[in-house]
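This briefing covers the structure shown below. Points are grouped by topic.

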Amino acid sequence: MAIPLRQSTRIGTYLLTQKVRRRKHFPLIVELEPLFACNLKCNGCGKIQQPISVLQQRMPVAQAIAAVEECGAPMVSIAGGEPLLHPQIDVIVRELIARKKYVYLCTNAMLVRKWWDKYEFRPSTYFSFAIHIDGLQERHDASVAQDGVFDEAVEAIKFLQGKGFRVTTNSTFFNTDTPQTIIDVLNFLNDDLGVDQMMISPAYAYEKAPDQEHFLGVQETRELFSHVFADGNRKRWRLNHSPLFLDFLEGKRDFGCTAWGIPSYSLHGWQRPCYLMADGYTETYKELIETTDWDAYGRGKDERCNNCMAHCGYEPTAVLATMGSLKEGLRAMREHG
Ligand code: SF4
Ligand code: SF4
C-alpha cells in the first residue's frame, strides 16, 4: 500500500490552498517531541543529552494539541525521545486523529508489545506507526548500541500488522553503511515484512551525538544512494518520499533547504530553525516564522548545514518544486500510484 489516495488528495488540496492564499511560509509536517527521554542510547542520537530535569518532563496533551492546531500542518510526526514512554501518547494520537491530522508515531519498538495493554491505539487511515530500523540485525543493533533490538522491532512490526495498523519504517544511514547493507535492509522491509512505506535519511551530524566520526558528507551520500537506487530498486521500493527528493539524494538534482516546511515543537517550544539545529526557541509558531532569518540557513550559508541532506530540510523544497511543475506533479503521481 502506497500513500492512501485520501491522504495524497488531502495534502494536495492543502498545498493548493496555501498557494492560492499566497502564503509564503506554511508547514507540511510538524515534528512533535512531547518528551526527550528514551529507553535506548543510540550512538548517533542528538536528542537524549538533555539534563535529567528535562528528560523527566512529559508534555501535557493540551499543549501538544494546541501547538499542532496553531501551526495548522496536515501531518504530524511524533518523535522524541521514545514517544511510548509518554503515559498519554495514545490520547495525543487520538486527539490528533479526531482533528483529521495524519499521524506518524515514531518508535524504536521496544515497548510496543511489552506495554501494549497500557495504551488504546486503534487502526485508522490517519494513523501509522513509524518503526526505527537502520539495518539488518547486526547493523541495527550496533546502531542502537543494544543487542536484540532488531529482533524485537521485527516482532513489533508483525504484531502491529496483525492488528491491522499501517506500519512504516524510518532508516538513518551513516558512512559505515555500504550500498549493499542499505539494499539488504530495504529489500527486507519492502519484500519480506511488507511494510506500507519506508522513509530514509542520511544522518545529520548532531554536535551532541556521541559518535562524530560516522556522519556522511554530501558527496558520500550521493555516491551511496546512486548505487543503492540502481537496478530498478528505487522504483520497486515503497519509499515515502517525493521523486525529486530521491533525485536529490542520489545527486541528480540539487536545491536549497526549506527549513520552515517541517517545523519542530518540543518541551522547549518551537525550535529554530529546524528539527536538527537549535538556535533558540519561540513560544508560538507565528513568532518562529516571523522572527527567524530563514535565508541564513542551508548548505553554503551556515557551516552546520554543510553536510545536511536530511528530509526535514530538503523534502519540503522537493514537494514545493513538484507543486510548481506539471511534469513533476504527474511524475510524482505515477511513482506513488
Ligand atoms: S531511539 Fe531515537 S531517541 Fe532513542 S536514543 Fe535512539 S535515536 Fe535517540
Ligand atoms: S540544512 Fe536545513 S534542515 Fe539541514 S540543518 Fe540546516 S537548516 Fe536544518
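Pro-273 has its place in strand S8, which spans residues 269-273. The peptide bond that joins Arg-272 to Pro-273 is cis, with omega about 0°. The model is a predicted one, and the values below are computed from it.

**Other backbone features**

- A cis peptide bond also joins Gly-80 and Gly-81, where omega is about 10°.
- Gly-81 belongs to the loop between S2 and H4.
- Arg-22 has a phi near 55°, which is a positive value in a residue other than glycine.
- The loop that holds Arg-22 runs between helix H1 (5-20) and S1.

**The sheet**

- An open sheet is formed by nine strands, in the order S6-S5-S4-S3-S2-S1-S7-S8-S9, and its pairing is mixed.
- The edges are taken by strand S6 (197-202) and strand S9 (278-282); each has a single partner strand, so one side of each is left without a neighbour in the sheet.
- On average, and with direction ignored, neighbouring strands of this sheet are turned by 25° against each other.
- Strand S1 (residues 29-33) pairs with strand S7 (residues 264-266) in the parallel sense, over three bridges.
- Glu-33 has Ser-266 in S7 as its bridge partner.

**Helices on the sheet**

- Helix H4 (residues 89-98) packs on the sheet and touches strand S2 (75-78), strand S3 (102-107) and strand S4 (127-132).
- The direction of H4 makes about 160° with that of S3.
- Helix H6 (residues 149-162) also packs on the sheet, where it touches S4 and strand S5 (166-173).
- The direction of H6 makes about 165° with that of S4.

**Helix H3 against helix H4**

- Helix H3 (residues 61-71) packs with H4 at an angle of about 35°, and their axes are 10 Å apart.
- H3 and H4 cross in the right-handed sense.
- On the H3 side, Val-61, Ala-64, Ile-65 and Val-68 meet Val-91, Ile-92, Glu-95 and Leu-96 of H4.
- By class, the contact of H3 with H4 consists of seven nonpolar residues, no polar residues and one charged residue.

**Helix H7 against helix H8**

- Helix H7 (residues 179-192) and helix H8 (residues 218-228) have axes 9 Å apart and pack at an angle of about 50°.
- That angle makes H7 oblique to H8.
- The H7 and H8 crossing is right-handed.
- H7 contributes Pro-179, Ile-182 and Ile-183 to the contact, and H8 contributes Leu-224, His-227 and Val-228.

Note on methods. Residues numbered from 1 in each chain as written. Chains lettered and ligands numbered in written order. Predicted model: local features only at pLDDT ≥ 70, side-chain atom pairs only at ≥ 80, totals over all residues. Axes fitted to C-alpha atoms, helices over the stretch in contact; angles between N-to-C directions. Helix = DSSP H or I, 4+ residues; strand = E, 2+ residues; numbered from the N terminus. Parallel < 35°, antiparallel > 145°, perpendicular 65-115°, else oblique. Left-handed = near helix turned anticlockwise from the far one by under 90°. Contact = placed C-beta atoms within 7 Å. Pairing = 2+ DSSP bridges. Nonpolar A, V, L, I, M, F, W, Y, C, P; charged D, E, K, R; others polar.
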